[in-house]
Amino acid sequence: MSSPAAGGGSGLSIDEEETAETRIRRLISEHPLIIFSRSSCCMCHVMKKLLVTIGVHPTVIELDDHEFASLPRPPSHDTLISSRTLSPAVFIGGTCVGGLESLVALHLSGHLIPKLVEVGVLWV
């Protein structure tokens, strides 16, 4: 697991003895806006660009393929969804929003900005 771009104010601490699942859950709880991605994911770039355009800077964590299986799933998704489907995965306020398509849908419906304000990463 690496953290090439860390938005927000707090640093990223890595405890080598933590399991991937524990580390991911801790990072989700520590960062109100966090994206989990693969280094080669072009959709992550689009997701970051959308969020930066709105005025927020997410924490971005790159996961290995085996670590994606430890990501909590969005409530509306079937448990049979593969980990590749959720790359990148964005969490807002500790809740999995889903991937790029879900983030864009949230934005187009007018619910993204209020959600970002609610978790304290955007001030209007």
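Reader: How do β2 and β4 pair, and over how many bridges?
Author: Antiparallel, over four bridges. Pairing here needs at least two DSSP bridges between two strands. Helices (H or I, at least four residues) and strands (E, at least two) are DSSP runs, numbered from the N terminus.

Reader: What kind of model is this?
Author: This is a predicted model, where local features need pLDDT of at least 70, side-chain atom pairs count only at pLDDT 80 or more, and totals for chains, interfaces and linings use all residues. Residues are numbered from 1 along each chain as its sequence is written, and side-chain values use heavy atoms, with hydrogens and water left out.

Reader: Back to the sheet. Which residue in β4 is the bridge partner of Phe 36?
Author: Ala 89.

Reader: What does β4 join on to besides that?
Author: Strand β5 (residues 95–98), antiparallel, through three bridges. Val 90 has Gly 98 as its bridge partner in β5. The β4 and β5 hairpin has two residues between the strands, and Gly 93 there takes a positive phi near 60 degrees.

Reader: And β3, parallel or antiparallel to β2?
Author: Parallel. Four bridges join β2 to β3 (residues 59–62). Ser 37 has Glu 62 as its bridge partner in β3.

Reader: Which helix goes with β2 and β3 in the β-α-β unit?
Author: Helix α2 (residues 42–54), and the unit is right-handed. That means the path from the first strand over the helix to the second runs clockwise, with the strands pointing away from the viewer.

Reader: How many aromatic pairs does the search find?
Author: One in the whole structure. Phe 36 and Phe 91 sit edge-to-face, 5.7 Å centre to centre, with 85 degrees between the planes. The pair links distant parts of the chain: Phe 36 is in β2 (residues 33–37), Phe 91 is in β4 (residues 89–92), and they are 55 residues apart.

Reader: What are the cut-offs for a pair?
Author: Ring centres of Phe, Tyr or Trp (its six-membered ring) within 6.5 Å. Planes under 30 degrees apart are stacked, over 60 edge-to-face, the rest tilted.

Reader: Is Phe 36 buried or exposed?
Author: Buried, because its relative accessibility is 0%. Buried means under 20% relative accessible area, exposed over 50%, partly exposed in between (1.4 Å probe, protein chains only). Phe 91 is buried too, at 2%.

Reader: Which β4 residues lie on each side?
Author: Ala 89 and Phe 91 on one, Val 90 and Ile 92 on the other. These four are all buried, which leaves both faces covered. In a regular strand, side chains alternate between the two faces of the sheet.

Reader: New topic. How many salt bridges does the count come to?
Author: Five. The rule is a Lys or Arg side-chain nitrogen within 4 Å of an Asp or Glu carboxyl oxygen.

Reader: Which residues are linked in the network?
Author: Glu 18, Arg 23, Arg 26, Glu 30 and Glu 67.

Reader: What are the distances around Arg 23?
Author: The closest N and O atoms are 3.9 Å apart for Glu 18 with Arg 23. For Glu 67 with Arg 23 they are 3.6 Å apart.
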